[in-house]
Amino acid sequence: MGADQLLQYLLSGVTTGSIYAIVGIGFNIVYSATGIINFAQGEFLMLGGMIAISLAPVLPLPLAIAAAVLATGLVGVLVQLVFISWLKNPAVLRMIVITIGLSILIREASLHVWDEKVRALPFFSGDETSSIAVLGARISPQILWILGISAVLVAGLTLFLRYTLLGRAMRACASNTTAARLCGIRTSSLVTFSFFLAAAMGALAGCAVSPMTQTQYDMGTSLAVKGFTCAVLGGLGSSTAAVAAGLLVGVLEAASISILPLAYKDVVSLGILLAILFFRPEGLFARRAAGVPGRAG
Amino acid sequence: MRPTLARYIPFVVLVGLVVAAQTALSALKLEFYLTQLTMAAYYTLVALGLCLLMGYAGQVSLGHAGFFAIGGYTSAVLTTVNLAATGAAAGAGAAAGGVAGAAGAGALIGLLSRLGILVTGTDAYGGQTLTVLPWAAFAAALLVTAVVAVLVGIPVLRLRGHYLAMATLAFGVIVARVAVGTRIFGEADGISDVPAFRLFAGLAISGKKALRVQNYYIAWAMVAAGFLLLINLIGSRAGRALRAIHGNEAAASAMGVDVPRHKLAAFLLSALYAAVGGACLVHFNGGIGPGEASVMKSVRYVALVAVGGMGSAGGTLAVSTLLTFLSLRGAFGQLDDAVFGAILVAIMLFAPDGVFAPVGGWILRLLRGRRGARGAAR
């Protein structure tokens, strides 16, 4: 394998990986606010992509994407208010089943609105044939868009959580809900806001990948499982640690394509998930243990 | 729990209903319903197994369609792959140089045929075929499933909550992807032309119209047997141990219950229920497709158990039969998956103990209320 080919694999791995990372961050935002794993997280990417595709013919592309992000965020709010907000201390199994049910409902609703055709947004700049030479490898400008958007999202989220009042309130709520409430933070609105944030971020990622990987009503499940892989690999609940994990999963997956048939791509990343869960469920970077009895948590 | 005969009442009701349904449908000349009822029986077997795991042992599995598919695909591959052709191909390979490999394959086929588990036949073009006997394929399907269940179960069952759910979901997705991506499993087309499974005394699992009534009874006999095994198990020492694990793992462990072993046993048994369902259904349907391994199928089984009331074998049986039958009849049309999603959400929001629990609680309150009134009168 030549150096330029290696670089090609690396870049495509980093691209898909950054998308997985954003799904993983979505899991983390909701998880640290509520302790719930929202199995419908992958559906937010699909929804964002689909809404933007429908709006693209009538609106300029940036406006269409902004509208899609906002609309998907509102769907997230709706999901939280209607289905989750009024359950007091629900059992984990119950929440798993409810969010899975919701993911099916969102998927089926999308199937009826947009049918089962594979669609795509137009490329943000240039078209499918345009390419840029980077160190000898030819890549689509869309890859740069995806990487740029992911980077901005991650940086923005980090700054938001660290320096804004709302972000700090969210972190307080995540680390100790009771104490946060005693400090006068309205934790219930923060939970609703965390769903908005997770859904909106997912929607933006869904728009960014749409020109490259296309959007279909049933793309959510495998994205959700891979996003969860990244979230766990980075340590569940630590919001941006999923980035490194996402890049790792993406590159391994891209590398696997050169060895194994394309159909086995998912098998590789899911194998990684199983391996992490078995050997290091607290994540590669974090020290917090969860999920396995006998190890605190 | 006192060993009473009362726990066999649902079993007797089941047998009565199975016979009554067949009699009524045959008398009304509606025998075509029996086909879907037979298929529903095999899916119900999966739901019963999952009920043991989720309802009694308290371990969620979002990958049970995977076990169904492993059972089904193993049976289907072994009973359809023509070993004569494979042997010939290996022979051709030998000419090219792989003498040892071809000799090995030949020896294996020879050994299998000496064991009497190969069957010869003719294909559509009049060529000779050599396939594995359905009995042997069935045994192999259960063996493969058991091995996979133990290999997956040992690490996975150490996990709890979200982690367990995601790990089992990942297992299910892996099985589905392998089924779609592997040539021997027919890729997206699946496997067809699976032969009938001759049992004994002229009984055979087959989709032939003439054998419809017979197959209905074979399928429901299996469900009845599975149900009986389940209620006996639940009432036994092992069943109590499982319920103790569900209630509080640490407490169960402190009382001397070997928690990992019991969880693994429940996982293995529930996987075998799914594999039996899958292996039998491929002979009845004459084929299997990758859709059987899909995540949506796994979620469906979870829905059936949830609606039946986690931890109610009878409830799961009733709900699974009804909903699967309606779904197979196409009663929900294009909304099939949506109906299952909506049912899941609604049940978990409003009646997390299943549809029968509120009704049961209502009857109980009625009885208690009456008794209370009597006490007040005194």
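## Chains and conventions

Helices (H or I, at least four residues) and strands (E, at least two) are taken here as DSSP runs, numbered from the N terminus. The model is predicted, and for that reason local features need pLDDT of at least 70 and side-chain atom pairs count only at pLDDT 80 or more, while totals for chains, interfaces and linings use all residues. Residues are numbered from 1 along each chain as its sequence is written, and chains are lettered from A and ligands numbered from 1 in the order in which they are written.

Chain B has 15 helices and 6 strands. Of the 378 residues in chain B, 45% are buried, where buried denotes 20 or more other C-beta atoms within 10 Å of a residue's own, exposed 12 or fewer, and partly exposed the range in between, with C-beta atoms placed from the backbone.

## The side of chain B that touches chain A

Between the two chains, 34 residues of chain B are in contact with 32 residues of chain A. The helices α7, α12 (295–308) and α14 (336–350) of chain B each supply at least two residues of the side that touches chain A, and the largest share of that side, 14 residues, comes from α7(B). By class, the side of chain B that touches chain A holds 25 nonpolar, 4 polar and 5 charged residues, given that Ala, Val, Leu, Ile, Met, Phe, Trp, Tyr, Cys and Pro count as nonpolar, Asp, Glu, Lys and Arg as charged, and the others, Gly among them, as polar.

## Packing of α11(A) on α7(B)

Helix α11 (residues 265–279) of chain A packs against helix α7 (residues 161–181) of chain B at an angle of about 150°, with the axes 9 Å apart. This makes α11(A) roughly antiparallel to α7(B). The axes are lines fitted to C-alpha atoms, for helices over the stretch in contact, with angles from 0 to 180 degrees between N-to-C directions; angles under 35 degrees count as roughly parallel, over 145 as roughly antiparallel, 65 to 115 as roughly perpendicular and the rest as oblique.

The crossing of α11(A) and α7(B) is left-handed, that is, the near helix is turned anticlockwise from the far one by less than a right angle, with clockwise giving right-handed. On the α11(A) side, the contact is made by Asp266(A), Val267(A), Leu270(A), Leu273(A), Leu274(A) and Leu277(A), and on the α7(B) side by Tyr163(B), Met166(B), Ala167(B), Ala170(B), Val173(B), Ile174(B), Arg177(B) and Val178(B). Sorted by class, this contact of α11(A) with α7(B) has 12 nonpolar, no polar and 2 charged residues.

## The largest nonpolar core

The largest nonpolar core has 204 residues, of which Ala203(A), Leu204(A), Ala170(B), Val305(B), Ala306(B) and Leu344(B) touch the most other members; such a core is a set of buried Ala, Val, Leu, Ile, Met, Phe, Trp, Tyr and Cys residues joined through C-beta atoms within 7 Å. Helix α2 (residues 32–56) of chain B gives the most to this core, with 17 residues. Ala170(B) is also one of the residues through which α7(B) contacts α11(A). Apart from its neighbours within four places in sequence, Leu344(B) is in contact with Val97(A), Ile100(A), Gly101(A), Ala303(B) and Ala306(B).

Within chain A, the axes of helix α2 (residues 41–55) and helix α9 (residues 220–234) come within 7 Å and cross at roughly 130°. That makes α2(A) oblique to α9(A), and the crossing is right-handed. The residues in contact are Gln41(A), Gly42(A), Glu43(A), Leu45(A) and Met46(A) of α2(A) with Gly220(A), Thr221(A), Leu223(A), Ala224(A) and Gly227(A) of α9(A); by class they comprise 4 nonpolar, 5 polar and 1 charged residues.

Met46(A), in helix α2 of chain A, is buried, with 27 other C-beta atoms within 10 Å. Leaving aside its neighbours within four places in sequence, Met46(A) is in contact with Ser110(A), Gly206(A), Thr215(A), Tyr217(A), Met219(A) and Gly220(A).

## Positive phi values in two loops

Asp115(A), in the loop between α4 (92–114) and β1 (132–134) of chain A, has a phi near 50°, a positive value in a residue other than glycine. Asp115(A) is exposed, with 10 other C-beta atoms within 10 Å. In chain B, Glu187(B) has a positive phi of about 45° although it is not a glycine. Glu187(B) is found in the loop between α7 and β3 (191–192) and counts as partly exposed, with 13 C-beta neighbours inside 10 Å.

Note on methods. Two residues are in contact if their C-beta atoms, placed from the backbone, lie within 7 Å.
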